[in-house]
Amino acid sequence: MGVQFILCFNKQGVVRLVRWFDVRSSDPQRSQDAIAQIYRLISSRDHKHQSNFVEFSDSTKLVYRRYAGLYFVMGVDLLDDEPIYLCHIHLFVEVLDAFFGNVCELDIVFNFYKVYMIMDEMFIGGEIQEISKDMLLERLSILDRLD
Amino acid sequence: MGSSLRSFIKDVRGAKTLADERAIITKQSAKIRTKLRDDHLPHEKRRVNIQKLLYLYILGEKTHFGQVESINLVASDEFVDKRLGYLAATLLLDESEDLLTLLTNMLNNDLHHPNKYVVSLALTSLGFLSSPELARDLYPDVENIIKNSRDPFLLKKALQCAAKLIFKDDSLLEIFNIEDITRVLSNHSICTHGVLLGITKILQSILLIGLNGNKEEEDGIDYNNDILAPLSLLLREFFVRLENLNSKNIEPGYDVQGICDPFLQCEMIYTLQLYFQVGELLDSKHVLGYKDNFCDLLTRIATNTDSTKNSGQAILYETVKTIFSLNLNQPLRVLGVNILAKFLAGKDNNTKYVSLNTLLKVVPQEPTAVQRHRKFISHCLQDNDVSIRMRALELSFAILDGSNLVELVNELMKFLAKQDEDSKDLIIYTIDHLVDTFDTHVVKDESWKLDVFLNILKLVGPFINYEKINDILIIINNTTKLFDKSNFLQKLLSLSLDGESMEISDDNIGWQLVLVWCIGEYGDLVLNGDNKNNTSSINESSITDYLLNLQECYTTTNHKIINYILTTALKLSIKIFDAKNIEKLRQLILNYADSTDLTLQMKSNQYEIFFNQSLSVKKTILETMPKFEKIAEKSNNVKGSSKNLISNEPIDLLSDLLNEDSKSETKDSTGDNVKPIDILEEIFGEKNDITQPLKRGEEEEKSTNHPTVAITNADVILPSDATKIYDSSSLNVYASLLSVSSGLAHLDLFFQAKSLISDLQTFCAVPKAQKLTLGQLYPSSTIKASQVCKQSLKVSGSGKLKLRIKLDFHLNGSSSTTNEQFDHKFNESL
């Protein structure tokens with residue numbers, strides 16, 4: 001179990017968030033190629049009729065969901081329970097929404113470091129660590145004020 | 001260009017063209033690099049630069065030059081610096097970096113920091129960067145937090161970290177103390193859902209180590225008694241908590257679509273699954289004693305969880321996976337299959353996908369229960385999502401057996417009817433498996449079987465590859481009743497010859513190949529049969545013209561079908577009576593007498609010789625194919641062309657020539673059947689003046705670019721570097737790889753007889769992406785005991801080098817043929 005990476009990009013394929021939880025290849029180019037591949041794979045899928053799961057490599061499948069113009073993608077192990085990761089994504093987006101108040105792409109673009117802070121309160125090393133929205137938001141508002 | 005992060009982001013976004021954007025990024029990147037080198041830069045500026053750098057990281061730019069600076073920030077006393085520093089470190093560093101050593105010290109300090117937010121940052125970062133070295137150095141600090149902290153926020157993170165560290169370095173199991181866990185569990189004020197999640201993670205790590213092997217035994221730890229036994233004391237507690245969670249309706253704060261904390265439920269089910277997996281593996285009575293309780297609990301979860309929402313489905317799915325991974329009792333397995341079937345019946349493609357995937361895995365465990373839901377599975381064959389169709393297809397074949405064959409095949413035909421070029425992979429998959437299905441299942445109603453293939457050809461003929469066409473031809477050939485065959489051809493013909501019908505497109509090559517072959521084999525049945533006058537459009541002339549037209553279409557474009565047409569023209573010539581049509585066929589064959597394609601040229605010339613033989617001789621040669629057993633997947637041409645026979649039965653002149661050149665002729669196809677050889681020899685004995693020059697041309701071409709050393713010695717000696725690839729009671733086979741380069745490999749096969757072997761024939765097949773050129777057996781196809789004969793192979797193409805080899809020979813002079821077959825994979829790739 002565990003998330004290998006979290007990715008967020010828009011419909012044009014511009015990356016808005018990226019977090020690798022597994023041992024990253026020392027070659028950044030490979031990561032970039034992987035992202036490009038993932039974008040191609042997911043953006044070509046039929047939004048309405050196809051499932052939100054797609055196999056990506058020998059060790060990874062993607063669980064993704066589109067919110068308005070943004071795709072949120074998680075890479076998980078082949079044997080993992082896909083539906084629960086869809087819940088992960090949804091919870092993450094709900095927290096973003098509550099934190100920023102009706103979140104939009106620009107919030108994420110300009111406050112990416114805050115989004116990472118949110119992500120890091122929800123996931124640790126690729127494992128989910130907190131599921132209570134209330135607790136998360138309370139904690140985040142404290143952290144946000146520590147600036 | 002502004003200096004704040006915001007204005008930088010704005011600038012990048014505002015770039016009109018890609019080139020503009022690149023210019024801005026390059027400039028800013030250089031600027032950051034210079035700034036970071038400046039030791040006197042104020043902290044605030046440093047932060048802005050690192051923030052910009054992180055933005056560049058998200059955009060996929062090079063950021064390695066910021067690694068040191070991120071460590072510097074971590075070292076700062078200010079919280080804001082630390083926070084950004086840790087973020088940068090987790091994004092920019094990886095586990096292999098030397099800089100991690102620098103970080104270890106800082107993490108160590110921060111884990112003891114009086115400010116809990118700093119401790120929290122350090123834990124989060126440790127969770128990311130856990131390496132075996134960090135694990136050993138920092139585990140005591142993490143353990144310290146687990147032991148002493150009363151803050152759930154820190155506790156949950158520390159537990160998660162400990163889980164990671166233990167997994168990285170399993171020798172930590174020695175110092176891990178289960179009581180730390182039990183104490184946390186029993187303290188309600190600190191045991192939040194997040195903390196429970198952390199506990200499941202630690203348990204999972206420990207159990208996974210148990211599953212992955214018993215390295216600990218060397219270190220003096222008895223996993224079963226020292227680890228698993230105390231751990232099993234938590235089982236009862238886990239059952240109660242999971243049951244409570246599952247039966248709770250509304251728990252504010254943890255409710256997801258009406259389900260209470262599906263995340264924790266899934267993690268707990270998974271943890272329990274690991275418990276019992278390890279328990280089974282080590283046969284631990286501590287754990288297995290609880291198995292019945294566990295089964296009861298799973299039954300309750302499976303029955304009570306709402307399956308209409310995604311969160312409930314996640315729990316059910318985890319439950320089903322557990323049932324099957326532990327292969328629990330049959331009622332539970334059936335319950336599991338039924339849950340999956342319920343998923344299938346729904347509209348949500350996500351659940352369908354998950355369900356099909358899981359059903360595929362559980363078919364072997366519970367075949368009948370899965371078969372019961374075949375209606376739903378067939379329904380998924382019509383889904384819009386190709387990945388669902390693919391899985392439904394796989395599943396259909398997985399549950400297919402004698403009892404549902406007709407039903408499922410009919411469903412598959414419906415499926416094929418709806419596919420287009422985009423789903424070529426699915427079509428090929430279906431055809432491959434249908435052919436296999438008909439190979440393994442005896443179908444009583446052969447006319448139905450042929451109808452199935454007629455439909456397949458009609459629907460997806462253009463997509464079927466040649467190999468499968470051959471398999472289909474074999475199936476047709478092996479049909480017992482002549483009536484069925486003639487009926488089949490009748491149907492093919494009426495669809496093709498009826499000018500009005502648009503059902504068969506002109507590029508349906510699969511259809512055409514089969515039709516051409518069938519005309520050659522069974523043309524007379526249709527022309528002379530009882531059903532002759534059913535369709536007026538089928539007669540000698542129309543069939544002849546069909547062949548002629550087809551031949552014209554493909555003259556230069558497809559030699560494969562021309563080969564078929566030539567043989568069919570020859571065969572048909574003895575089945576029809578009208579001299580005009582016969583002459584047309586002869587002319588057709590003659591068209592290729594000087595073709596640039598050597599095979600066609602040779603065929604044309606040889607067939608011309610046949611054509612001039614007396615009818616009685618021709619009839620013997622051109623008999624309908626006998627029933628034959630399928631051999632590997634290799635023959636390109638089902639009909640043994642006369643060319644192959646030459647190589648199998650060397651004629652003196654030819655073999656002399658071949659020995660000289662140390663190279664045998666090319667065999668792009670191997671003959672599967674042996675035709676009356678004596679007659680052929682008779683013919684070629686007189687006429688080899690025709691074939692010989694052709695051969696020579698070919699040989700010279702080959703020998704110039706072939707590096708094999710010429711063999712002058714009649715005795716073949718087994719080279720020392722040859723590896724044995726096959727060993728049977730009658731012979732050994734060795735292979736020696738002479739050269740491998742991209743796209744081309746040369747190798748020699750050596751056959752060492754254990755007792756007298758005569759008339760050895762070798763048939764080789766290579767993967768689809770490769771082409772094989774097979775040399776002749778040297779020195780002869782008869783090998784005395786312990787003698788060796790050799791054969792050279794040239795493989796071109798791409799992919800892994802592997803061979804399937806079939807050997808036919810007579811042992812100890814016996815008249816019956818012995819068959820042996822084996823596969824060999826080389827380590828090399830082309």
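**Before selecting anything**

This is a predicted model, in which local features need pLDDT of at least 70 and side-chain atom pairs count only at pLDDT 80 or more, while totals for chains, interfaces and linings use all residues. Residues are numbered from 1 along each chain as its sequence is written, and chains are lettered from A and ligands numbered from 1 in the order in which they are written.

**Stop 1: chain B as a whole**

Select chain B, which holds 36 helices and ten strands; here helices (H or I, at least four residues) and strands (E, at least two) are DSSP runs, numbered from the N terminus. Chain B has 830 residues, of which 43% count as buried, and a residue is called buried if 20 or more other C-beta atoms lie within 10 Å of its own, exposed if 12 or fewer, and partly exposed in between, with C-beta atoms placed from the backbone. Among contacts in chain B between residues at least 6 apart in sequence, 69% join residues at least 24 apart, where a contact means that the C-beta atoms of two residues, placed from the backbone, lie within 7 Å.

**Stop 2: two pairs of helices**

Two packed helices are described by the angle between their axes and the distance between the axes. Select residues 18-37 and 43-58 of chain B, which are helix 2 and helix 3, and note that their axes come within 10 Å and cross at roughly 140 degrees; axes are lines fitted to C-alpha atoms, for helices over the stretch in contact, and angles run from 0 to 180 degrees between N-to-C directions. Helix 2 of chain B and helix 3 of chain B are therefore oblique to each other, given that angles under 35 degrees count as roughly parallel, over 145 as roughly antiparallel, 65 to 115 as roughly perpendicular and the rest as oblique. Among the residues that meet are I25(B), I32(B) and L36(B) in helix 2 of chain B, and L53(B) and L56(B) in helix 3 of chain B.

Now select residues 386-399 and 424-440 of chain B, helix 22 and helix 24, whose axes come within 11 Å and cross at roughly 5 degrees. Helix 22 of chain B and helix 24 of chain B are therefore roughly parallel to each other. On the side of helix 22 of chain B the contact is made by R389(B), M390(B), L393(B) and F397(B), and on the side of helix 24 of chain B by L426(B), Y429(B), T430(B) and H433(B).

**Stop 3: a five-stranded sheet**

In what order do the five strands of the open sheet in chain B lie? They follow the order 3-4-5-8-7, and the pairing is antiparallel; two strands pair if DSSP finds at least two bridges between them. Strand 3 (723-727) and strand 7 (770-774) of chain B stand at the edges, each with a single partner strand, so one side of each has no neighbour in the sheet. From one strand to the next, the twist averages 25 degrees.

Select strand 5 of chain B, residues 744-753, where nine of the ten residues are buried. Strand 5 of chain B pairs with strand 4 (residues 731-741) of chain B over ten bridges in the antiparallel sense, and Y734(B) has F750(B) as its bridge partner. The hairpin of these two strands has two residues between the strands, and G743(B) there takes a positive phi near 90 degrees. Strand 5 of chain B also pairs with strand 8 (residues 788-797) of chain B, over nine antiparallel bridges, and L744(B) stands opposite S796(B). Strand 7 of chain B is joined to strand 8 of chain B by five bridges, and T773(B) has K794(B) as its bridge partner.

**Stop 4: two single residues**

Is V256(B), in your next selection, buried or exposed? V256(B) is buried, with 21 other C-beta atoms within 10 Å, and V256(B) lies in strand 1 (residues 255-256) of chain B. Not counting residues up to four places away in sequence, V256(B) touches C87(A), P262(B) and S311(B).

Next select R300(B) in helix 16 (residues 291-304) of chain B. R300(B) is partly exposed, with 14 other C-beta atoms within 10 Å.

**Stop 5: where the chains meet**

Finally, show both chains: the contact takes 45 residues from chain A and 54 residues from chain B. Helix 2 of chain A gives the most to the side of chain A that touches chain B, with five residues.
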